[in-house]
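Please consult the sequence and structure below alongside the text.

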Amino acid sequence: MILGAGPIVIGQACEFDYSGTQACKALAEEGYEVVLVNSNPATIMTDPDLAHRTYIGPMTPPLVERIIDAERPDALLPTMGGQTALNLAGILPPSSPPRTASSSSRPWTASASRRRPPASAPRLRSASPSPRTSGSSRSLCARPSLSGGTGGGIAYNRAEFEDICRAGLAASHTQQVLVEKSLLGWKEYELEVMRDMADNVVIICSIENIDPMGVHTGDSITVAPAQTLTDKEYQRLRDYSVAIIREIGVECGGSNVQFAVNPADGEVMVIEMNPRVSRSSALASKATGFPIAKMAAKLSVGYTLDQIPNDITKKTPASFEPSIDYVVTKIPRFAFEKFPGSEPILTTQMKSVGEAMALGRTFQESFQKAVRSLETGFAGWGCGPIKELDWDWEKIKYSLRVPNPDRIHAIYTAFKKGMRVQDIHEISFIDKWFLTELKELVDVEQFLVSRSLDQLSKDDFYQVKRRGFSDKQIAFATSSSESDVRSRRLALGVAPTYKRVDTCAAEFEANTPYMYSSYEYECESAPTNRKKVLILGGGPNRIGQGIEFDYCCCHASFALREAGYETIMMNSNPETVSTDYDTSDRLYFEPLTVEDVSNVLDLERPDGIIVQFGGQTPLKLALPIQRYIEENKLVSASGTGNVKIWGTSPDSIDAAEDRKRFNAILEELGIEQPKGGIARSEADALAIASEIGYPVVVRPSYVLGGRAMEIVYNDEKLIKYLATAVQVDPERPVLVDKYLIDAVEIDVDALADTAGNVVIGGIMEHIEQAGIHSGDSACSLPTRTVSAPCLEVIRSWTTKLAKRLNVCGLMNCQYAISTSGDVFLLEANPRASRTVPFVSKAIGHPLAKYASLVMSGVTLPELGFTKEVVPKHVSVKEAVFPFEKFQGCDILLGPEMRSTGEVMGIDYEFSGAFAKAQIAAGQRLPLGFNIIATSGTAKVLQLEGVPVEPVLKIHEGQPNARDMLKNGRLALAYKVPIITTVDGARASIDAIKSLKNKSIETLALQDYFQTADASADLQAAAQITP
């Protein structure tokens, strides 16, 4: 039995889908029947055909015990599911099956680490503040035990220390906080280590943080291999790691060991070790090509490292330590803009929502590629508009001193304004080696600024491109266009070459085509002339574009590979299954930009390109890529025609995004939508709002995840929104629509083929009212309260719209049903949506696989998918939020998405499914409670005969509601759901009744329907694919 990681949360994201998927496949290869427990429907690992038995639902000890009783597994593997799985395994009763791999290790204490060097930082088991503790250092670091990184921080005074300790004790599963001497300014390193039952130990990878100690490693820019260690220092850390993994008792599997090194005298401290596959394990796996999770799974069943072959070289065993001849840079991506009120300051508590990774022959090259892979508006580091250039010296120095998401751009500004490497080092404590490398990039920029494009020679281009500069950066510096730079570069014969990740620094040939670009003379890509398709991934995770889109990309690769196509994946996200070396036939680990995609197209010349599945990232590239392949008349390598974008055309996608074009289509089809208009100025917005009446929903066009979307209720709020939330001008219009109060929102996923067939995949009813972003609302499939006439309207409009837009593949539509029963279309997106994985698991049909085959030319009747599936069971999706990471932000939900992940509950009754989803999301539905209310509410309840205890409002005196909360008397202190809608309250009441009347039933996903039919349809389709 494998325990998954549950929903995507900050600190525990889709890297554990990668590790769990690897484990499922590895153990199935060995003939084991795999039972999987996980609550996250958006993952590949919870696909019904990956494990033999898949339990999607709450991961609580009582429910896991029931699954164990039913399945009677021989062993439990909890080291693939992050802290969630490890904590769960630790509190299961002794009667549970034996734990495999490193979960048998003893708890690591200070005494264990003291038996062998190096020293461990002083630690206290209790976090009670005392004069001795508080006064022992200028700052203290407090970290909760077994919390997955939640609740910790650095305290500079007693008040901060007490607040952090309280939060840490609440977050810790063992009610313990480690209080440590702060090592701010020290250099941080980590080593990925593996050990087998024969005591063979290998170091997979060393990783160095560019940010010094004080920033969570998940929030730091990191580099592999470590750049600033001497060979002697590296060997010392290597020896320490081996000693620690043996002393702790990790009998087999992977571990992550983190060190701090004092740059003044070389003193080493152990920070922590994780006796499991970690976040860094995924990064190290992608950086080296060595599949840590797969190897750990094999070791857990008795293999030794020398018995497991290396999949990439096919010649070396896993005991052969990886060696790399390139540099890997990882940069985290943040979402502070989603949480106004929280400070964008980085500490020991992780706050990033995703990350991008890039490979290059040098640090400079990989760093610049990683910056542009983030998709935050930068084409690289520098050579572009940088807001920090307008800052005064005080603000620049503050940004250098205090870790924050934009510190790297403050460094650029400091160099541009004349600061020296030494000056920046003294303020930031960033190692001078990295700063010197960055200063050279600024010098190269100055060289480019002093030249015109025509003055750049072939050698100039090679020197600049080898330092990671993009064509767009060169264009900015030379006052030319990106297309002119590309033309000039290619005319001089300067094109990228592609190197293979081989785990052994080119000592053995790599059989797995896992590639990255560089500007050298020998290309190792060796493209084929097979029928092939290029799938563009979603880039780094972010709120609004996460694992759901990676799921769709993976399914496209799986289905088309089975249908005989060579599948090529292009992505920059190290956390995902899509960037696993064996998901596709070929993998390009590259930024998702027009330049980088065009380079791969020139080399591979695929028959088709899929842009529908990766979210907004590839969709934004669709039109420029379409222009590129038309202008260059690229012929496919297979000789069967020109390179094409498969699926719905970029023009149809643009028609759905362009409000003016879309309005004309809806009017033609007779489809109703809320009144609204397009504003290109403040005056336009005010005029539209005056005409349709407040409240209105305002949002910029071309967004995903509800970015900068708001409901406003008057002119004053609208003017403020236009001034602070968005830039409104003719080039960036803002949409202003009537907000439908108390409306029910509906989500629809549909499939359409080139023959005009349209099939509804699923119709979901939101629990929260319209106005809450669909990604933040709970939803039910099938619907519960929608009338048959409304459902018929929704089905009819969806079909008409799919045909009119010539949709080929997936389409998502969102509707609102008013209190009077009128249906309105809110938006339509002819692409994959974040609900596709949930719907696929709810109905038992892999919609993304169907869609990819449809794009290749197969019709829906040929797939055997010709009518909507309305299951007899009920599936509920619930969102999970990261509010505890962002102190000071407002937790009220609105039209801008803020959730990081989701869970799923399945039952034959809605109340049971909703209860399971709430429990899986970490909410505690109270089975017995008293009601406390302020005076007005209390009076109404008392008149209805409901027992209630009145409480004072805060301004009315004390004791008030805040006092009761601090004393632990209110539900808020116990993670009981905060319910802000009547519909949400009704659903919660039904769930509570269900829990009181019957025990929760645990069934495997395979028990709800036969998945064999869908698998047979796919296999049949593979035989008829063109």
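Three strands form an open sheet with parallel pairing, in the order β1-β2-β3. Because β1 (2-3) and β3 (53-56) stand at the edges with a single partner strand each, one side of each is left without a neighbour in the sheet. This is a predicted model, in which local features need pLDDT of at least 70, side-chain atom pairs count only at pLDDT 80 or more, and totals for chains, interfaces and linings use all residues. Residues are numbered from 1 along each chain as its sequence is written, and side-chain values use heavy atoms, with hydrogens and water left out.

**Terms**
- Helices (H or I, at least four residues) and strands (E, at least two) are DSSP runs numbered from the N terminus.
- Two strands pair if DSSP finds at least two bridges between them.

**Parallel sheet**
- Four bridges join β2 (residues 35-38) and β3 in the parallel sense.
- V37 stands opposite Y55 in β3.
- Helix α2 (residues 61-71) packs on the sheet and touches β1, β2 and β3 (contact means heavy atoms within 4.5 Å).
- The direction of α2 makes about 170° with that of β2 (axes are lines fitted to C-alpha atoms, for helices over the stretch in contact, and angles run from 0 to 180 degrees between N-to-C directions).

**Antiparallel sheet**
- An open sheet of seven strands has the order β30-β29-β26-β27-β28-β31-β32, with antiparallel pairing.
- β30 (823-829) and β32 (901-907) are at the edges, each with a single partner strand, so one side of each has no neighbour in the sheet.
- From one strand to the next, the twist averages 25°.
- β27 (residues 758-769) and β28 (residues 779-781) pair in the antiparallel sense over two bridges, and H766 has C779 in β28 as its bridge partner.
- Helix α27 (residues 847-855) lies across β26 (744-752), β27 and β29 (809-817), and runs at about 125° to β29.
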